[in-house]
Amino acid sequence: MPENTNTLDSQTVSESKTAPDSTTSDSTAELRRAAVVINPAKSGGSALKGAIYRLCETQGWAEPLWLETTVEDPGTGQAREALEAGVDVVIAAGGDGTVRCVAEVLAGTGTPMGLVPLGTGNLLARNLGVDISDPVSACYDVLNGSEKAVDVVKARLDHSDDEQVFLVMAGLGYDAAIMADTVDALKDRMGWLAYVEAGIRKLPGKPVKAKISVDGGEPVRRRIRSVMIGNCGRIMGGVEIFPDAKIDDGVLDLLVLAPRGRLGWLGVVAGIFGRNKNETESVEYFQGKSAEITLEHEQEFQLDGDHLGTGTHLAVAVERDALKIRMAD
């Protein structure tokens, strides 16, 4: 799937949906205002900006605060600027990285986030049922929708003082190696299928010894290829890898992949996609509010599809209903 650059004119959207009733509105009332934190590399040019400006005007909102991300600041500084401006909603317009940066700032503040998906994965948007085919329609839903509280997960890699957040999933090992080695040119041409190509190339590899503790309990010891922590159920390509995960239940879902022998990956496939899930030694599921994973050797690390380096220790904890998302009813 190519990058989403559909910039349907907002007038078309507003004509197909109910516009605000100007006869009952207070003309002296202060208009609500949105901030748009946007990745310019994925916006497709100035047409989208013009369409969103017109959409805000037709829906009775003030001119939006337009804040473009940079390589040096992929969204956190812009989200803070939006908060300081006192906007009513901060719209993350970009891929999963932009969404994660904005959410990191907004979590716990009470200011809601909106989603205008422009990336390849759009993992959170897909899990929430947000329109990923038309950014202007998605923006319309933000302006005219309601707020939903969702969980946020905080993560610390290698005992760092800096906490990072994720909304969909984190991973150590095989899945993160896929994210690190996916070819950008293939992502542009093939969308999520580019991750499949990287996954096939990364299948060979050695397991690593791991200790996994959930909610401070006695650790279990495994030889793993990957440990994945889910806050939502679906990943790339709409695959439901965490069948019991809900984004608002205050619970984390852990998936441990431990294929053994030449046919080990067949056991992984059976454990994830088979009728009798988790009835294989290659796949195990755990649930809890916090978890710690300690590895014998460094492995690749990812949050919401962003490769963030390597490490041997990961601590995660869920914060229930920490973030408000404004979306279609």
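User: How do you know that the span of helix α2 agrees with its 13 residues?

Analyst: Helices here are DSSP runs of H or I with at least four residues, strands are runs of E with at least two, and both are numbered from the N terminus. The expected span is 1.5 Å times one less than the number of residues, so α2 (residues 46–58) should span 18 Å, and its end C-alpha atoms, 19 Å apart, agree with that. This is a predicted model, in which local features need pLDDT of at least 70, side-chain atom pairs count only at pLDDT 80 or more, and totals for chains, interfaces and linings use all residues. Residues are numbered from 1 along each chain as its sequence is written, and side-chain values use heavy atoms, with hydrogens and water left out.

User: Why is Cys 56 called buried?

Analyst: Buried means under 20% relative accessible area, exposed over 50%, and partly exposed in between (1.4 Å probe, protein chains only); Cys 56 has 1% relative accessibility and therefore counts as buried.

User: What makes Tyr 53 and Trp 66 an aromatic pair, and which kind is it?

Analyst: Rings of Phe, Tyr and Trp (its six-membered ring) pair if their centres lie within 6.5 Å, with planes under 30 degrees apart counted as stacked, over 60 as edge-to-face and the rest as tilted. The centres of Tyr 53 and Trp 66 are 5.9 Å apart with 55° between the planes, and the pair is tilted. Tyr 53 lies in helix α2 and Trp 66 in strand β2 (residues 65–68), so the pair ties together parts that are 13 residues apart in sequence.
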